[in-house]
Amino acid sequence: MEIKDLIAIGTIVAPQGLKGELKVKTDSDFPERFETAGVRWITSPSQKQPQPVDLLQGRQIPGKNIFIIKLAQVCDRTQAETLKGSTLYVEKTEKPYLEPGEYHVADLINLEVYNQQTGENIGVVIDVLSAGNDILEVKLHKQPEIKTEEKELDISKISRISKRKKVKIKKPKPVTILIPFVEEIVPIVDLENGRIEVNPPTGLLNPKEAEEVE
């Protein structure tokens with residue numbers, strides 16, 4: 001099994017108890033991926049090739065995105081300690097059932113974002129954030145020009161030649177916008193054609209527009 005055929009669902013953060021249970025911080029909205037017995041896949045900091053493991057059982061810590069799981073291959077705390085920092089996966093073909101209007105996060109990443117009002121391709125989805133409602137983080141195709149004040153570097157204040165060589169000008173990070181993933185603002189999600197359409201309220205795509213209206 002290759003990484004490209006898997007979906008990451010969580011990271012092992014610590015052992016739990018003495019019998020080999022593992023504490024997992026989840027990246028998944030589907031608890032059954034940790035509660036239903038069956039084959040999962042794992043990579044560790046020292047072993048990047050995915051290996052199959054057998055999930056026996058799991059339970060969620062109330063109010064937290066943390067699950068306690070038991071793998072057949074892990075019998076004691078010593079073995080559990082070696083898996084700290086490891087990533088758990090499921091196969092992409094094992095996607096849980098979704099209700100209408102629900103989407104897997106992995107399916108939304110890299111979708112092109114179009115302004116329904118103008119037809120303009122404004123950007124691409126690079127992340128999905130959780131804050132009450134899901135929020136799409138979109139990197140704009142038209143990056144605004146960022147004016148930076150150039151300051152002369154006083155080399156005399158850098159005493160060692162080795163330090164002088166390490167002085168680099170930091171490149172600005174790409175500008176992104178946040179779009180609430182609700183039907184009123186994102187009425188169309190077209191996975192087949194790799195695009196979504198947004199109907200943005202004033203100021204959502206350009207905060208300066210909101211200031212002008214006020």
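This is a predicted model: local features need pLDDT of at least 70, side-chain atom pairs count only at pLDDT 80 or more; totals for chains, interfaces and linings use all residues.
**Stop one: the start of the chain**

Select methionine 1, in the segment before β1 (6–16). Is methionine 1 buried, partly exposed or exposed? With a relative accessible area of 35%, methionine 1 counts as partly exposed.

**Stop two: a pair of rings**

There are two aromatic pairs in the structure. For one of them, pick phenylalanine 34 and phenylalanine 67 and show their side chains. A pair of aromatic rings is described by how far apart the centres are and by the angle of the planes. Here the centres are 4.6 Å apart and the planes are at 20°, so this pair is stacked; the cut-off for that label is under 30 degrees.

Next, colour by secondary structure. What does the pair tie together? Phenylalanine 34 belongs to helix α1 (residues 32–35) and phenylalanine 67 to strand β5 (residues 66–71), so the contact links parts 33 residues apart in sequence.

**Stop three: a charged patch**

Keep the surface on and select Asp29, Glu99, Glu102 and Asp134, which together form a patch of negative charge there. Zoom in on aspartate 134, one of that group. Aspartate 134 is part of strand β9 (residues 133–140), and its relative accessible area of 31% makes it partly exposed.

Note on methods: Residues are numbered from 1 along each chain as its sequence is written. Side-chain values use heavy atoms; hydrogens and water are left out. Patches are made of residues with over 30% relative accessible area and no salt bridge: like charges are joined within 9 Å, nonpolar side chains (Val, Leu, Ile, Met, Phe, Trp, Tyr) within 5 Å. Accessible areas come from the Shrake-Rupley method with a 1.4 Å probe; for residues, only the protein chains shown count as cover. A salt bridge is a side-chain nitrogen of Lys or Arg within 4 Å of a carboxyl oxygen of Asp or Glu. Lys and Arg count as positive and Asp and Glu as negative; His and the chain ends are not counted. The place of a charge is taken as NZ of Lys, CZ of Arg, CG of Asp or CD of Glu. Helices (H or I, at least four residues) and strands (E, at least two) are DSSP runs, numbered from the N terminus. Buried means under 20% relative accessible area, exposed over 50%, partly exposed in between (1.4 Å probe, protein chains only). Rings of Phe, Tyr and Trp (its six-membered ring) pair if their centres lie within 6.5 Å; planes under 30 degrees apart count as stacked, over 60 as edge-to-face and the rest as tilted.
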